[in-house]
Amino acid sequence: MATVAPPPSKRQRREALERTQIQQDVTPAVVEAGSFKARFVDNDGNQLAETIEVPLADATEKNVSLLLNTLLGREREEFTPYRFRIHIPSSNTVIDNYPTPSEFLAVLRKHGIENPFETTITLAAEPQAVFKVQAVTRMSNRIPGHGEAILAAQFSPKTSSLLATGSGDNTARLWNTDSGTPKCTLKGHSGWVLALAWRPDGQYLATGSMDKTVRIWDESGQPVGRPLNGHAKWITSIAWQPFHLWRDDTPRLASASKDATIRIWIANTGRTEHVLSGHKGSVSCVRWGGTDLIYSASQDKTVKVWDAVSGTLKHTLASHAHWVNHLALSTDFVLRTAFFDHTNNVPASTEEKRAKAKERFEKAAKQQGKIAERVISASDDFTMYLWDPAQGTKPLARLLGHQKQVNHVSFSPDGTLIASAGWDNHIKIWGRDGKFLTTLRGHVAPVYQCAFSADSRLLCSGSRDTTLKVWDMRSFKLSVDLPGHEDEVYALDWSLDGRLVGSGGKDKAVRLWRN
C-alpha cells in the first residue's frame with residue numbers, strides 16, 4: 001500500500017494562505033547602468049586596439065570578442081573567437097574566468113575597484129581555435145583482437161581513421177576506425193610493446209618493446225628495414241625528429257631505454273648516429289623539441305637537455321626529489337601534426353610542407369617575439385616543474401598540489417593550459433606559467449592519462465576506475481562520463497581532427513568513442 005502523507009498542519013496551511021496573498025517579485029536582476037573603459041592587450045602585453053568604452057549591460061565575453069574583431073578591422077568570415085582575462089590595475093591580480101554582465105561590477109569591487117567607470121580595465125585576449133570539437137558522448141565500437149592488455153595507443157596524424165595500439169601480447173595493431181575493424185597485426189617483437197609513435201608525416205610507425213628493439217612499420221603493416229638493435233634493456237619511450245628539422249629528407253628517431261641511455265637512429269638505414277649517455281637510472285620519457293633539442297626524463301631524478309645534432313649534453317635540470325615519470329612540451333601538438341591542420345590543406349611539395357610545419361611550430365612557440373619552448377616534468381615527488389631550457393637551468397615554476405605521485409602531464413594544443421594526472425585520483429589544471437587553476441574531481445581511482453581535444457576546449461582522462469571522463473576547459477566541470485571498459489584504462493588518445501577518442505587497457509579490447 002502506498003504511504004499517505006499526513007494532512008498539512010495548521011501552521012503550514014496558514015503560510016500557504018499568506019503566500020497566495022503576497023504578490024511575487026518578478027522584476028529581473030538589475031545590471032547596473034554604466035560602462036567601463038577596456039584596453040585590449042595580447043599575451044605579451046602589446047596593445048591590440050585603442051581603449052574603448054564598453055556598456056556593462058552588453059559586456060558578455062562573446063560581445064566583447066566581436067567588438068575586438070571589429071576594432072581590428074576583420075571581415076565577418078575572419079573573426080577569431082577570444083577568451084579574456086581581466087588584469088586588475090595597479091596590482092598583479094589576474095581574473096581568469098570572465099564574469100557575466102550582472103556579476104561584473106561585484107567582481108571588480110571585490111578586487112578594490114570602487115568606480116570602474118573611471119578606471120581603465122586591461123583585458124588580455126587569448127585567441128581560441130576557430131573550429132570546435134564536440135565532446136565524445138558514446139562508445140561507437142568495441143574491437144577485440146589483442147590477447148593481452150593494451151599499453152599504448154596513438155592516432156595517425158594524417159587521418160583519424162587509423163589508430164595504432166601496442167600490447168602485452170608482443171604485437172602492435174592498426175585499426176580502421178571508420179569501419180571499427182582490425183586492419184593488420186604488426187608481428188615481430190618478442191616482448192611487450194611498451195611505446196609507439198607515428199612519424200609526423202603519418203607514413204611510418206615506430207614501436208619499442210621489452211625485447212630491447214625498435215621496429216619501424218609502414219601504414220599497411222609491413223616492416224620497414226631491419227629492427228634497430230643496440231639497447232641493453234627494454235625501450236620505454238620513442239620520439240621522432242620534428243618534420244621541419246629533417247636534414248636531407250632523412251628522418252631521425254630517438255629511443256629511450258631502461259639501460260639509462262637514449263639512442264638517435266637514422267631511420268632509413270637503421271644506423272645509430274648518437275648514444276646519449278649520462279643518466280644514472282632508467283630513462284622514462286623522451287621528447288624531441290622543435291629547436292633540435294632532445295629532452296629526457298629519468299629515474300635518476302633529473303631531466304637532461306641534449307643537442308640532437310652533435311649528441312652533446314646541454315643542460316641537466318635537477319630539482320626533483322624522486323623519479324621523473326613524464327615530460328610534455330608546449331609545442332607537442334604542432335610537432336606531432338607537422339603540416340596537418342584543421343583546414344585539411346596538405347601542401348604538395350616537400351619544401352612547402354617543411355615551410356608550413358616550421359611556421360606552425362614558430363607560431364606555437366613564440367612568446368614576446370622570441371621562440372620559447374617550455375617543458376613540464378612530472379615526478380614521483382608529487383610535484384611538477386616548468387622549465388624554459390633556453391633561459392637556463394632554473395625552473396620557471398614549481399607546481400604543487402598533488403597528494404600522490406604524478407603520472408602524466410600534457411600541454412593543451414594552444415599552449416595555454418597544462419593538465420596533470422595523478423595517483424591521488426585527481427586531474428589538476430594549471431595556467432601556461434604554472435599558476436594553479438583548478439582540480440577536476442570525479443575519478444575514484446588513480447588517473448593514468450589525459451588528452452586534450454585539438455581545439456583545447458575539452459580534456460579526456462582515463463583511469464584505473466574503468467571510466468573515461470570528458471571535462472570542459474571553460475567551466476572546469478565534468479562534461480561527459482564514459483563508462484564501458486571492463487577494467488583499468490591504460491592508454492587513450494584524442495584524434496587530431498577531434499572526431500574520435502580511442503582507448504585501451506587491461507580488458508584487451510580497443511574502444512572508440514565519438515559524438
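Is Arg 474 buried, partly exposed or exposed? Arg 474 is partly exposed, at a relative accessible area of 37%. The structure is a predicted model. It holds 21 salt bridges and 0 disulfides. The points below cover salt bridges, cores, cysteines, a hairpin and a helix.

**Salt bridge of Arg 474**

- Arg 474 forms a salt bridge with Glu 61, with an N to O distance of 2.9 Å between the side chains.
- The two residues sit in distant parts of the chain, 413 residues apart: Glu 61 belongs to helix 2, and Arg 474 to the loop between strand 34 (468–472) and strand 35 (477–482).
- Glu 61 has a relative accessible area of 18% and is therefore buried, because the cut-off for buried is under 20%.

- Glu 486 and Arg 511 meet through their side chains in a salt bridge of 3.2 Å, N to O.
- This pair, too, links distant parts of the chain, with 25 residues of separation: Glu 486 lies in the loop between strand 35 and strand 36 (489–494), and Arg 511 in strand 38 (residues 510–514).
- Glu 486 is exposed, with a relative accessible area of 57%, whereas Arg 511 is buried at 1%.
- Glu 486 and Arg 511 also belong to a network of salt bridges that includes Arg 142 and Asp 507.
- Lys 506 and Glu 488 form a salt bridge of 3.9 Å, N to O.
- Lys 506 is in the loop between strand 37 (500–505) and strand 38, and Glu 488 is in the loop between strand 35 and strand 36, 18 residues apart.
- Lys 506 is partly exposed at 39% relative accessibility, while Glu 488 is buried at 14%.

**Nonpolar cores**

- The largest nonpolar core has 22 residues, and Phe 36, Phe 84, Ile 86, Tyr 98 and Leu 123 have the most contacts inside it.
- Two or more residues of this core come from each of strand 1 (35–41), helix 2 (61–71), strand 3 (82–87), helix 3 (101–110) and strand 5 (120–127).
- Another core, of 16 residues, lies apart from it and includes Cys 285, Val 305, Leu 317 and Leu 329.
- Leaving aside residues up to four places away in sequence, Tyr 98 touches Ala 59, Thr 60, Glu 61, Val 64, Phe 84, Ile 86, Phe 104 and Leu 123.

**Cysteines**

- A disulfide is a covalent bond between the sulfur atoms of two cysteines.
- The structure holds 0 disulfides, and Cys 450 is in none, with the nearest cysteine sulfur, in Cys 460, 9.1 Å away.
- For Cys 460, the closest cysteine sulfur is that of Cys 450, and the 9.1 Å between them is too far for a bond.
- Cys 450 is buried at 4% relative accessibility, and Cys 460 is buried at 0%.

- Strand 30 (residues 427–431) and strand 31 (residues 436–440) run antiparallel and are joined by 4 bridges.
- Lys 428 has Thr 439 of strand 31 as its bridge partner.
- The hairpin has 4 residues between the strands, and Gly 434 takes a positive phi near 90° there.

**Helix 1**

- Helix 1 (residues 10–21) has 12 residues and should span 16 Å at 1.5 Å a residue, which agrees with the 17 Å between its end C-alpha atoms.
- Helix 1 is hardly covered, with 0 buried residues among its 12.

Methods. Residues numbered from 1 in each chain as written. Predicted model: local features only at pLDDT ≥ 70, side-chain atom pairs only at ≥ 80, totals over all residues. Heavy atoms only, no water. Expected span 1.5 Å × (residues − 1). Buried < 20%, exposed > 50% of the residue type's maximum accessible area, 1.4 Å probe, protein only. Disulfide = S-S within 2.5 Å. Pairing = 2+ DSSP bridges. Core = buried A, V, L, I, M, F, W, Y, C linked by side-chain atoms within 4.5 Å. Contact = heavy atoms within 4.5 Å. Salt bridge = Lys/Arg side-chain N within 4 Å of Asp/Glu carboxyl O.
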